[in-house]
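Please read it alongside the sequence and the coordinates.

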Amino acid sequence: MAFSAIYFLDNKGQVLISRNYRGEVEMSMIEKFMPLLVTEEDGALYPILKQDQAYFLWIKYKNIYMVCTTKRNTNISLSFSFLFKVKQIFIEYFGDLEQESIKDNFILIYELLDEIMDFGYPQITETNILQEYIMQEGYKLKQGAPRPPAAVTNAVSWRSEGIKYRKNELFMDIIESINFLVNTRGSVVNSEILGQIVINCCLSGMPEVSLCFNDNALFNPDQTIVVDFDDIKFHSCVRLSRFENERVISFIPPDKEFELMSYRVTNQIRPYIIVDATVQKYSHSRLEILTKVKGQFKERLVATDVVIIIPVPSDASSPRFSAVKGSVVWAPEDSAIIWSINSIKGGKEFAMKAHMGLPSVEAEEPEAKPPIKVKFKIQYLAASGLQIFKFAFKVLSSLYRRPGGFQVWTSFKRSLLFSETVKLKTLIHDSFWDKVRISKDIFLKIAF
């Protein structure tokens, strides 16, 4: 990809700040972007707009349009990933990205734009590296030119050298969100899982981490649990060539917390929480809704922050509620009843009854019947069945490594010595637990 220029516009199309990198597209061309966008909004809205021989690639965040121009046949996926990365960098620097934050930080934004992109090509997009030499405070006058951090000129631009920790730790979280649609018979019509793997790295030196999952390309189809990824997006630290050839995720991690990868799985899944709603109307004067919710997961698991949004007619009034557990509120602006429950254990069922008044005169056209929405969280459960089959790391510099292997602390106050590798807070393949001979339901905290 190669951008000619990047612009930041307000919601009226006025340019707040811009940077010309290649000069292939005239800077005045941006004046045609907003009229072109307004024309497109009458029909379908596209993230790529064309005017003459120039292309506009744009995203919107709150009241700010971020627009890039190009004349080249560029990599679209990489281009939009760059735009979202720039947005994230500015949010981490300024707390948020709005017109006021741009106007108050012109000089700092120009410095960032010069370092983030060079001659239209992405250069440094790691915020922790940029913050080492581009700071919000003013520079103090010093003799000689400031020396950039070694990470800028290194092959590993996302991690600085000389990082030291008294205790070396690596934590990993698998976070998955489930989107599925269930019909009135309880069957799943459509489902998908959106997941991300977040790592918090507190390792000294330049560690090299390798891990494998139970994905379909690595294991035989007769495995008990096999995950087939539909889409995968990796952090820039991952060696893609090794993943393509060996299906091994190998990388030198950035310091502190970062997202290693995100993925999408479209396997058929069963709903973990079932909601059954029975609606009864009485002679066009009142409405009664009986709602039952049940957790369909293992008894040792608990669903927290459960929110059930039940749509009701827009002309309903005088609500009265009675719930076995949780609290119920009426949201007339959304024409919905919101039932909130702190926690639901697996296999438990609760009920809520709502009484509402209706006008005596019905509308000529029947209202649409939107679906019931359910939001919840379940810890220690990977809906996709994702498991870590192999996990290993080594510190490339022997300066920070102490002899004696790795020590494991469990919640049962038992300790074991390892000759290699493992530190995580997620699901691990059963072969690992066969080696350590302890229950796989415990929480591990491993250090060396």
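A residue is called buried when its relative accessible area is under 20%, exposed when it is over 50%, and partly exposed in between, using a 1.4 Å probe and protein chains only. The model is predicted, and local features need pLDDT of at least 70, while side-chain atom pairs count only at pLDDT 80 or more and totals for chains, interfaces and linings use all residues. Residues are numbered from 1 along each chain as its sequence is written, and side-chain values use heavy atoms, with hydrogens and water left out.

**Aromatic pairs**

Rings of Phe, Tyr and Trp (its six-membered ring) pair if their centres lie within 6.5 Å, and planes under 30 degrees apart count as stacked, over 60 as edge-to-face and the rest as tilted.

| Pair | Centre to centre | Angle between planes | Class |
|---|---|---|---|
| Phe 3 and Phe 82 | 5.9 Å | 55 degrees | tilted |
| Phe 33 and Tyr 65 | 6.1 Å | 70 degrees | edge-to-face |

Helices (H or I, at least four residues) and strands (E, at least two) are DSSP runs, numbered from the N terminus. Phe 3 sits in the segment before strand 1 and Phe 82 in helix 2 (residues 76-94), so that this pair links parts of the chain 79 residues apart. Phe 3 is buried at a relative accessible area of 0%, and Phe 82 is buried as well, at 6%. Phe 33 belongs to helix 1 (residues 33-41) and Tyr 65 to strand 5, so their pair ties together parts that are 32 residues apart in sequence. Both partners count as buried, Phe 33 with a relative accessible area of 0% and Tyr 65 with 6%.

Strand 1 (residues 5-9) is mostly covered, with five of its five residues buried. Ala 5, Tyr 7 and Leu 9 point one way from this strand, whereas Ile 6 and Phe 8 point the other way. Two strands pair if DSSP finds at least two bridges between them. Strand 1 is joined by five bridges to strand 5 (residues 64-70), the two running antiparallel, and Phe 8 has Met 66 as its bridge partner there. Strand 1 also pairs with strand 2 (residues 15-20) in the antiparallel sense over five bridges, where Asn 20 is the bridge partner of Ala 5. The hairpin of strand 1 and strand 2 has five residues between the strands, and Gly 13 takes a positive phi near 90 degrees in it. Phe 8 also forms one aromatic cluster with Phe 90, Tyr 93 and Phe 94.
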